[in-house]
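Please read it alongside the sequence and the model.

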Amino acid sequence: MRIKKQNSKICLAIGGLLGLSCAMVNADSQPVELEEMVVEAGRENDLIGTTGSASQGEVRQAQLEYRPMSRNGELMEVVPGALANQHSGSGKANQYFLRGFNLDHGTDFTTYVDGIPMNMPTHAHGQGYMDINSVIPELVKKIEYGKGPYYAEIGDFSSAGYSKIFLMDQLPAGLLKFTGGEFGYYRALVANSNQVGSGDLLYAGEFNFYNGVWQQPEDTKKFNGMLRYSLDRGDWGLSVNGKGYTNSWTATNQIPQALIDNGTLDLYGTMDPTDGGKTNRYSFSTNLWNKGDNWKNDANIYALYYDVDLFSNLTGYLDNPVNGDQIHQFEHRVQAGGNIEHTRYSQLSGFDMDNTVGLQLRHDEIMGIGLDHTVGRHYLSTVSHSKVSETTAGVYLKNQTYWHEKVRTIAGLRGDFIHDDVTVLDTATHDPHVKAANSGSRGQALVSPKLSLVIGPWYKTEYFINGGFGYHSNDARGTTLQFDPNTATALDSSAARISPLAQSRGAETGIRSNFIKGLNSTLAFWWLESDQELVFAGDAGTTEVKGKSRRYGVEWTNDYKPTGWLTLDADFAFSSARYVAMPEGETNNYIPNSVGTVISAGATVVAPNGLFGTVRLRHFDDMPLDPSGAFWSDSTSIVNLGAGYQQKRYKLEVDIFNIFDSTANDIAYAYQYAYPAGASPQTGILKHPVEPRMARATVTIPF
């Protein structure tokens with residue numbers, strides 16, 4: 001490794017503290033030969049020639065190793081501009097934000113883990129619910145991501161973007177890891193792999209307990225298990241995967257800002273100490289691939305069982321002044337599906353090209369899904385009970401042609417079909433006419449073209465122009481709904497029997513450059529329009545009608561390695577989001593919880609003597625909380641710090657989260673509530689604060 005003149009100041013300022021031989025850089029800043037050391041701590045540096053857009057990228061385990069993470073959802077924050085927040089207990093899926101979207105729990109951002117789609121259509125709590133608590137971060141091999149609807153192989157829930165998480169096939173050594181921290185945080189992980197026959201058997205178990213910072217202890221109990229057998233024979237391979245996940249917790253949901261201000265509730269207090277939930281997920285899958293001189297095949301099949309029970313009181317005593325407003329959302333389902341893709345490399349009229357055809361199938365059999373009123377997690381009354389069968393099929397064609405050494409195009413055409421079958425078992429009124437009217441079958445087909453132009457590289461810089469159509473599916477219950485299940489009143493035409501698929505369209509232009517040595521930088525200008533933001537509200541059992549929306553913005557990402565032991569990164573995302581076609585009688589066009597500015601930055605140092613450290617900033621700007629702009633949530637800035645020491649036989653590390661002890665919002669909303677019992681209804685801000693400063697220490701022992 002050579003430390004040159006432009007790096008000497010950084011080296012002298014930081015390196016001496018970490019055992020680096022920076023004194024060897026002489027006064028004239030002449031290059032001095034040091035021991036070769038390469039440490040990966042940032043995003044993959046050189047993607048020139050491998051991506052179809054400026055907003056695609058890749059992160060590997062080496063880049064995750066030194067990143068302090070307080071919760072699993074932060075795996076998604078490796079996607080530049082993405083946020084993973086929480087308004088409830090640790091066992092619930094995070095609230096995600098990207099490109100001006102409040103993605104709720106995943107409605108317009110899709111994630112796959114080893115080919116299994118994680119987003120749940122027609123979920124008891126929210127459409128596209130994406131819970132990644134079943135992923136063990138230390139076993140992530142890499143995360144591929146992309147933003148925008150430009151990728152033919154990506155289907156439902158992907159208007160804003162996608163991520164693909166790939167897990168490891170084998171470990172270089174066994175892993176025993178224990179973490180202990182403030183507020184009753186304990187986590188243990190054991191993982192290992194052994195050669196069995198011609199392949200590798202990987203096995204792992206994770207145990208996590210956490211009481212949390214809240215007045216009502218969270219009492220999270222999380223268990224994860226994984227068993228994976230993989231085989232790689234050079235021209236073909238396979239993996240067989242079994243996973244199990246279970247979690248239970250007590251939740252502290254958002255509470256009124258006004259009641260915090262007047263002392264009625266503590267900042268970490270709750271309106272209902274019995275809120276919380278439990279969930280289970282068990283999956284089996286097989287991945288297969290093979291390849292020849294001018295072709296390759298990839299396929300996977302999967303089956304899983306999933307259930308969830310969520311108890312939430314978000315409004316206090318607004319609807320029920322006596323018993324309170326707690327609801328129980330529940331479901332249990334079996335999901336099965338598969339994907340197969342064939343790619344052939346060829347020439348046509350002298351132009352190199354690769355052609356891909358793919359087929360994706362999925363069926364969700366939801367044996368029971370519903371919404372009840374409860375008191376202290378005890379049944380009070382029914383709102384809606386249903387069973388749902390939902391089948392989706394997608395086929396896509398993709399052609400990549402190299403017209404010139406510096407010019408290539410990626411053209412795609414995707415077709416999707418969905419069939420929903422809904423049987424309503426009960427409603428609040430128990431009216432057989434309402435049950436029959438709200439039951440039925442719906443189907444829809446949709447065609448989505450995609451096109452990308454990639455020019456370059458010149459001076460290690462590529463240029464991209466992208467455009468395409470995408471979509472997300474709507475909750476199947478909303479596609480057959482004609483009467484409000486609470487009151488049996490007929491819905492108007494805008495809310496009744498909504499379409500099964502909601503289309504979007506987007507475009508982007510950008511650059512990717514490695515012109516400056518060690519610096520990987522991308523710049524993207526994007527635009528996205530959704531036909532109509534219709535949301536089936538699991539909290540109420542009805543459909544909320546939102547208008548046509550338009551979003552645009554700019555993203556600038558940077559990953560810089562001035563030396564082999566120092567990595568700097570800084571990502572900036574700015575967006576604007578507005579409704580452009582509102583329901584009749586409405587003129588306000590702010591999109592609630594649309595984050596306009598997201599900044600993420602960090603520095604990681606890994607020294608040859610075993611010391612390492614990292615500091616990270618996470619910032620998002622103020623945001624509107626209602627269409628009129630009457631209520632806004634203030635900006636939030638969090639700084640996390642990690643440091644430690646590692647040798648071959650052990651690794652010690654300490655992470656300090658929120659080192660400046662901010663009390664800003666993790667998330668906030670604006671709506672009507674009544675609390676305590678007997679209080680008059682009020683409309684205002686309800687908030688869930690970031691967790692206060694806390695420290696966690698970890699010991700890792702390879703074996």
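Which residue lies over the face of Tyr185, and at what distance from the ring centre? Arg696 does, at 3.7 Å from the ring centre. The structure is a predicted model, in which local features need pLDDT of at least 70 and side-chain atom pairs count only at pLDDT 80 or more, while totals for chains, interfaces and linings use all residues. Residues are numbered from 1 along each chain as its sequence is written, and side-chain values use heavy atoms, with hydrogens and water left out.

**Aromatic rings and charges**

- A charge is taken to sit over a ring if NZ of Lys or CZ of Arg is within 6 Å of the ring centre and within 35 degrees of the ring normal. Besides Arg696 over Tyr185, Lys142 lies over the face of Phe166, at 5.2 Å from the ring centre.
- The whole structure contains 13 aromatic pairs (rings of Phe, Tyr and Trp, the last by its six-membered ring, with centres within 6.5 Å; planes under 30 degrees apart are stacked, over 60 edge-to-face and the rest tilted).
- Among them, Tyr150 and Tyr151 pair edge-to-face, 5.7 Å centre to centre with 65° between the planes.
- Tyr185 and Tyr210 form another edge-to-face pair, at 5.4 Å centre to centre and 70° between the planes. Tyr185 lies in strand S14 (residues 185-196) and Tyr210 in strand S15 (residues 199-210), so this pair ties together parts that are 25 residues apart in sequence. Both Tyr185 and Tyr210 are buried.
- Tyr150, Tyr151 and Tyr162 form one aromatic cluster.

**Strand pairing**

- Helices (H or I, at least four residues) and strands (E, at least two) are DSSP runs numbered from the N terminus, and two strands pair if DSSP finds at least two bridges between them.
- Strand S31 (residues 548-563) pairs in the antiparallel sense with strand S28 (residues 519-530) over twelve bridges; Val554 of S31 is the bridge partner of Phe525.
- S31 also pairs in the antiparallel sense with strand S32 (residues 566-581), over 14 bridges. Ser575 in S32 is the bridge partner of Gly553, and a hairpin of two residues joins S31 to S32.

**Backbone geometry**

- Most residues other than glycine have a negative phi, and most peptide bonds are trans.
- Asp104 has a positive phi near 55°. This residue is in the loop between strand S6 (101-102) and strand S7 (109-113), and is partly exposed at 24% relative accessibility.
- Asp114 likewise has a positive phi, of about 50°. The loop between S7 and strand S8 (116-117) holds Asp114, which is buried with a relative accessible area of 6%.
- A cis peptide bond joins Gly456 and Pro457, with omega about 15°; Pro457 lies in strand S25 (residues 440-458).
- Tyr675 and Pro676 are joined by a cis peptide bond with omega about 0°. Pro676 lies in the loop between strand S39 (665-673) and strand S40 (682-689).

**A buried aspartate**

- Asp275, in the loop between helix H3 (257-261) and strand S19 (276-291), is buried with a relative accessible area of 0%.
- Asp275 and Ala251 are 24 residues apart in sequence, yet 5.2 Å apart in space, C-alpha to C-alpha.

Definitions and conventions:
Buried means under 20% relative accessible area, exposed over 50%, partly exposed in between (1.4 Å probe, protein chains only).
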